[in-house]
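Reader: I have a structure open and would like to learn how to read it. Can we start with pockets?

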Amino acid sequence: MNQAASTDISNTATTAKVTLTPRSLAKSKTITIRKTRFQAANLTEQYSKSPLISHFLTALSMSFPRGEMFFVDTIKNVRSEIKDPSLKADIAAFIGQESMHAKAHDQFNTEIQSADYHLKRFDAEIDKEMARLRTLSKRRQLAATVALEHFTAMIAGYILTHPKLVQQLPPNMASLWIWHAVEEIEHKHVAFDVYQTVFNNLAQRRRSMRTISLGFIISNTVMTSQLLWQNRKQSLGSVKQIWANLQGVGTLAHMMVSLLPEYLAFYKESFHPSEIDHTPLLARWREELVKKEWVEV
Ligand SMILES: [Fe+2]
Ligand SMILES: [Fe+2]
């Protein structure tokens, strides 16, 4: 499936509804909207060998439904100012992909939530932060999206370059993360190009990246730690698990160190997401998505 999309989605993703309409816009040449075969059923809190990695991925997932609908809205705020047909098509595809991601992660979050594993506890705080961001100017909102999209593209690139991180997950979960990672890389330029076209403000882009970085790192560390603690009987109960968690710390530290050059590149005046060449990686994993039947085609 590769079609322009229109969406009918409320600001809270818990009621997210995705409507793909017959094409009313040109197709994006590089972004494909795919339907994942991920099933939000029979999930366990620990799906990775390292409990820490499970809780880290779940913490990321918690913020996706609301976060990704915020990204969509910040682009919709200024969409009418975009005249380039190719970028307009990419925006439609971006909206389609992010809406699908929000929906899938919302289903995952709802299914994995339990009496002992309170994901929904964070919803109020995420809502509060989203409401605060929505009071900012359109330029600052979009700059926040650009910064966060750089984070998602960096993490997606890391996942696809080091697939051991997700290949050890049950196939159902691996399919969710690889599908999402592929599409994050496919659309990594969209928010950036919209921002450059409409605002082209370097100082704001840098400022927003600094604040978003702090918020992203702190909030994910807090959420991961809280989930680990909620699940402590299973996650911290034996020497084997503690060792697996330490290996998980090593993986996250390796990810942060390896992504540092890509992170710092964002602050350059001449930066563009396409300068991080993901072309061969993307080609390989697009194929894999189809070969493993992880997406509907
Ligand atoms: Fe996404
Ligand atoms: Fe994205």
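Reader: Which helix gives the most to the lining of the largest pocket?

Author: Start with the terms. On a 1 Å grid over the protein atoms alone, a pocket is an open set of points, where a 1.4 Å probe fits, with protein on both sides within 12 Å along at least five of seven lines; lining residues have an atom within 4 Å of a point. Helices are DSSP runs (H or I, at least four residues), numbered from the N terminus. Here α8 gives the most, with 13 residues. The model is predicted: local features need pLDDT of at least 70, side-chain atom pairs count only at pLDDT 80 or more, and totals for chains, interfaces and linings use all residues. Residues are numbered from 1 along each chain as written, chains are lettered from A and ligands numbered from 1 in written order, and side-chain values use heavy atoms, without hydrogens and water.

Reader: How much space lies in the largest pocket, and which residues are closest to its centre?

Author: A volume is the space filled by probe spheres set on the grid points, which are joined across faces, edges and corners. The largest pocket holds about 910 Å³. Of its 33 lining residues, Glu129, Leu133, Gly215, Phe216 and Ser219 are closest to the centre. Two or more lining residues come from each of α1 (51-76), α3 (123-133), α4 and α8 (202-230).

Reader: How does the lining of the largest pocket divide by class?

Author: Ala, Val, Leu, Ile, Met, Phe, Trp, Tyr, Cys and Pro count as nonpolar, Asp, Glu, Lys and Arg as charged, and the others, Gly among them, as polar. This lining has 16 nonpolar, 10 polar and 7 charged residues.

Reader: What about the second largest pocket?

Author: About 550 Å³ of space lies there. Its lining has 20 residues, with Phe56, Ile217, Leu252, Met255 and Met256 nearest the centre. Helix α10 (239-265) is among the contributors, and its 8 residues are the largest share. By class, the lining has 16 nonpolar, 4 polar and no charged residues.

Reader: Now the metal. Which residues coordinate the iron ion (ligand 1)?

Author: Donors are N, O and S atoms within 2.8 Å of the metal (3.2 Å for Na, K and Ca); water is not among the atoms, so sites may look incomplete. Glu68 (OE), Glu98 (OE), His101 (ND1), His180 (NE2) and Glu184 (OE) coordinate this ion, at 1.7 to 2.3 Å.

Reader: Which residue coordinates both iron ions, ligand 1 and ligand 2?

Author: Glu98 does, and the two ions are 3.8 Å apart.
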